Amino acid sequence: TTRIAVIGAGSGYMPGVIRGLLHRAGDLAGTELRFHDVDAEHLDVMTRLARNMFAARGADFTVSAHTDLRAALDGAQFVFTTFRPGGLRARHLDESIPLKHGVVGQETVGPGGFFMACRSVPVLLEIADVLADVAPDAWIVNYTNPTNVVTDAVERHTDAKIIGLCDQWVGDTETWADLLGLPADGLEIDWIGTNHGTWAERVRLNGEPVDIAPLLAAVEPRGDATPHRDPVRMAELGKALGLLVNSYSKYYFFHDEVVAELREKGTTRAEDIMAMLPRYYAQVAAEADKPDPDPSRERGGGEHGEFAVDVICAIARDEQRRFIVNTRNRGAIASLEPDAIVEVPALVGRQGPVPLVMGELPRQVRGLTQAVHEYERLAADAAVTGDRRTALRALLAHPFVPGLRVAEQILDEGLAAHRADLPQF
Ligand code: G6P
């Protein structure tokens, strides 16, 4: 039987993950799920929810709950990591500290993402360390952000096998289908770059190449913005660059505008989520013990869980399916070093992800992507070693950071504020 450990199983994203598992219940029949979280109360709610949803829909899964990491990982073939170290309290600091210094505060990109990397990496290294003892062949299927930095640290510093995921490309593909007037079904986009910094010039519809140049030239910037989707700016930038862009590109190409907006908004995304979470968990808890629970999908959405479960199935069943994932470059993107962690189309089967050859990055984003990659590599090294000099160099390499003074201020303030979550510094 397949054994999947879910680390961070008390997460608000779990209802979507449970639905993702139900979606492939036939292919994963007999699977043993080991749910782990440091928050025993949230773990209990999600465990009861999963059991009742599986029972109601006749899914052949068993679920056990663990607060002990080793017990959860023991004998696992897959370790699905989806936790947020330090929780939303720490995320609020990631989002607010850079902003005070005129730099975008965001949990995955820029200095905020740097501090998140410093919290995530030690936990992933610990997981890899335990796996070496209890499940050396397990695949870590990682959503914990910043997913590319985490993937790089684990690949270069441990013997564990890891595939880095982010579902942003699924939503971005839908946004672009809408903007370009193409059906989302059957649309395949060659997203390439680094996580939350991907671009595309090649698009296919039902396998046939689509010439995006005339479509982009005619694009009307329109559509409502949500926290992780800004179709107006994506269209404006896409037109200007002649490329399809990831929704996070707004942080790079509209930096000062976004800083002004975030300041004016007054609350961070973390604060907004913290305000709604008690109601959300209460709703999930109220559903959990019903014979046929149907919890709200407020957190994460459907694609988040389905993507991760599909990737697990692709490896377990050697499906050779094409996904956009974070993995070693191995020449897929000629403009980045061979052992860079890149986000690229890859075929996923029993051997893990094999990236597809994509060629050079378009010149208009090549230098930026190379700079972001160099930052990410330094960030991974700083997160592993806790070396302050490397940390400062990482921030100095990041395109958001305007200079030495600001880099030092953000670093000192961030290290002090996060002290309890940064054992390596
Ligand atoms: C998007 C990003 C993820 C990020 C998530 C946060 O999906 O691609 O990397 O973790 O947003 O969502 P939240 O609702 O917590 O702001």
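This is a predicted model: local features need pLDDT of at least 70, side-chain atom pairs count only at pLDDT 80 or more; totals for chains, interfaces and linings use all residues.
| Residue (polar side-chain atom) | Distance to a ligand oxygen atom |
|---|---|
| Tyr 13 | 2.9 Å |
| His 196 | 3.0 Å |

A polar contact here is a pair of N or O atoms within 3.5 Å; within protein, one must be able to donate a hydrogen and the other to accept it, and residues adjacent in sequence count only if both atoms are side-chain atoms. Of the 400 Å² of accessible area that the ligand has on its own, the protein covers 87% (Shrake-Rupley method, 1.4 Å probe; for residues, only the protein chains shown count as cover).

In total, 14 residues surround the ligand, each with a heavy atom within 4 Å of it. The closest are Arg 91, Gln 168, His 228, Arg 269 and Arg 299.

A few words on how to read the values: residues are numbered from 1 along each chain as its sequence is written. Local features need pLDDT of at least 70, side-chain atom pairs count only at pLDDT 80 or more, totals for chains, interfaces and linings use all residues, and side-chain values use heavy atoms, with hydrogens and water left out.

Now to the fold. The protein has 16 helices and 15 strands, taken as DSSP runs numbered from the N terminus (helices H or I, at least four residues; strands E, at least two). Helix α1 (residues 14-23) is largely enclosed by the rest of the structure, because nine of its 10 residues are buried. Buried means under 20% relative accessible area, exposed over 50%, and partly exposed in between (1.4 Å probe, protein chains only). Among the elements that cover the buried residues of α1 are β1 (3-7), β2 (32-36) and α12 (269-288), where contact means heavy atoms within 4.5 Å. Across the whole protein, buried residues make up 58% of the 425 residues.

Finally, some backbone details. Most residues other than glycine have a negative phi, and most peptide bonds are trans. The peptide bond from Asn 145 to Pro 146 is cis, with omega near -10 degrees, and Pro 146 lies in the loop between β5 (139-142) and α6 (147-157). Asn 206, in the loop between β10 (203-205) and β11 (208-210), has a positive phi near 50 degrees and is exposed, at 62% relative accessible area.
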